[in-house]
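Here is a short note for a student opening this structure for the first time. Please keep the sequence and the 3D view side by side while reading.

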Amino acid sequence: MSASLITTPAELLEQIVLIAARQHLQGPPSVLRSLRLTCRMANSALSPESNSYMYFMLFRDRFSPWRHFPGGQLTVDNIEHELRKRFRALQRIRRGDVADPDILESLSTIYIMMLEDDGRNWDQLLWARLPIFMTRFLRERLMVGAENNNGWPTENEVNVLAVSIFWLMSCSESICDETDELRKEFVQLLSPYSFAGFRYPCFTGLEYDFCPLENSPKTVVTSAYGVYSPIRPVSTTICYFGRPVPLNLPPVAPYAILVHFSRLETHPLMIPPHLPETRAEAVANGISGPTKEDIVYFNTRCKTHFPGTMYGNRFDTLLKSRRHDPDWTRSIRDPLYRSPSSLPGQYIPGTISGRWQGSFIAPYYDVYKDMLSSPSAPSPFPTFGRFPLCVTFRELYCYSPSIPLPLGGNEGVFENAFLPIGCRWHETEAGIEFTGKNASFKAYYSPPRQEHLEIGFVGGTAGESKPSTHGAFDVIITGVTEDRYAAAWGGYRYMGRIRPSDGLIVLLREPLDPQMVELGRALFRGYIISSRNFVGRWRRVSSGVHPPEWESIFSLCKDMSWE
């Protein structure tokens, strides 16, 4: 009797599908659909209900392994549903329709795939021609709706995900392949998101709230350009492995800022011919400020780091998706899905310790003031000056049984980088001791323990401080500009705290020289994205919960030679 599909055992049919599907690992396996359409017997034999192992293998062959599920939580229905959803998203992206009515589902799926990528997801996204799609989307769809918004791009769910994905897929090669005109176009398109803090927040929650509670009252300040802090889309619901899950949307500003700096860096700072060649020559001639070698160092070393590039630090030893864990945990807040670490926080211990270097933008006050006073977006968007920024950070932890700094709620705490007003501190190599005003409290923080550096996150839930499995309650960050860089660009000290609910880092910067008060005190607030770049906004200390007179952007990456 001749062989036929009807007489073929289900196990053999399964192996035929898997062998055929592995010949072309990118994109949906067309052989599966073709075989299921041949007859009812084949359709039944190859259904998820009859062949859970085959669907498990198809998922494993094409997508990066899931790392965020407790053991035994996934069923074949979960896997099959996610498989179908990802294939639908990939096919839509490959078709190239930037106005597809289901684009929100597609982009939310792609965003999570990129955060979970350990290589295989990116192969699928290349099959879908994602870079081509995202470039077209930014150029053709990002500004849709701006005509009814006084020329400002909208911060809706689709635009937020599109800009985030655009950065996550960036690499030095793709930027080098862009023409100067295209780079300028991307900078112009995303500059409103980067600079207009009065319209586009840079933070997942209100920046001045150290322990946000879900139903806590919010301070609302109105101004000529609306409510401050501006209202942004917070979450949407996605279907994740067959289950509705809230997806907390990232703020668009940090990703726009990273795109901005990575394009600016293709044009190095010019070296004025009158500068001394070296620091030794500058000292010998009594000249202060940068030297030619300082600017050469800045142009070659102080560049934005890309999510998927290896830079030679300890984070390169982690899975790529592990470096995204804080970003993933900020997005997925369902208790069933969690970080593989046993800790629920948003910061990997040891991330910020070391020397960081990059740029900040100093806005022109009058230009920024004009933006504040007009409801319409400037066109073209103004450009501002870029300046080097170097700082060596240290992180210190409050371990049990020590008691952390009071969380407080007193006025002015935010402008003091979430440190209690009036407290004093003394820092040594062994740690830092805080004393409250009128000796109202004492708190001691020490360097991270080695076993703490080798595992997971620093923990914390909204509204309370809880110790992690290693006893860490709270994180303090200190920093200073080293002498070499202070001589070139000015010296500062930094002090601040990490917000446990989302990993927001708030730092108070003050000049090292008390005689240099004109340099001013400033607040730097931002996140470490993909364990690579510390990015956010900075402004002068003065306005508290009120909109600042101006604020601008910064981006720092870790100096790999420091480790």
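1. The model is predicted. The protein contains 19 helices and 15 strands. Of its 563 residues, 55% are buried.

2. For contacts in the protein between residues at least 6 apart in sequence, 69% link residues at least 24 apart.

3. Start with helix H5 (residues 76–95) and helix H6 (residues 103–115), whose axes come within 9 Å and cross at roughly 110°. Angles of 65 to 115 degrees count as roughly perpendicular, and H5 and H6 are therefore roughly perpendicular to each other. Their crossing is left-handed.

4. Which residues bring H5 and H6 together? From H5 come Lys85, Arg86, Arg88, Ala89, Leu90, Arg92 and Ile93, and they meet Glu105, Ser106, Leu107, Thr109, Ile110 and Met113 of H6. Sorted by class, this contact has 6 nonpolar, 2 polar and 5 charged residues.

5. The second pair is helix H8 (residues 130–140) with helix H11 (residues 180–195); they pack at an angle of about 55°, and their axes are 10 Å apart. That angle makes H8 oblique to H11. H8 passes H11 in a left-handed crossing.

6. In the contact of this second pair, Thr135, Leu138 and Arg139 of H8 meet Leu182, Glu185, Phe186, Leu189 and Leu190 of H11. The classes here are 5 nonpolar, 1 polar and 2 charged residues.

7. Is serine 555 buried or exposed? Buried means under 20% relative accessible area; serine 555 has 4% relative accessibility, so it counts as buried. Serine 555 lies in strand E15 (residues 552–558).

8. Leaving aside residues up to four places away in sequence, serine 555 touches Leu258, Phe261, Thr304, Gly358, Ser359, Asn533, Phe534 and Val535. In the 3D view, select serine 555 and find these partners one by one.

9. Cysteine 398 sits in strand E6 (residues 385–399). Its relative accessible area is 0%, so cysteine 398 is buried. How far apart are cysteine 398 and serine 446 in sequence and in space? They are separated by 48 residues in sequence, while their C-alpha atoms are 6.5 Å apart.

Conventions:
Residues numbered from 1 in each chain as written. Predicted model: local features only at pLDDT ≥ 70, side-chain atom pairs only at ≥ 80, totals over all residues. Heavy atoms only, no water. Helix = DSSP H or I, 4+ residues; strand = E, 2+ residues; numbered from the N terminus. Buried < 20%, exposed > 50% of the residue type's maximum accessible area, 1.4 Å probe, protein only. Contact = heavy atoms within 4.5 Å. Axes fitted to C-alpha atoms, helices over the stretch in contact; angles between N-to-C directions. Parallel < 35°, antiparallel > 145°, perpendicular 65-115°, else oblique. Left-handed = near helix turned anticlockwise from the far one by under 90°. Nonpolar A, V, L, I, M, F, W, Y, C, P; charged D, E, K, R; others polar.
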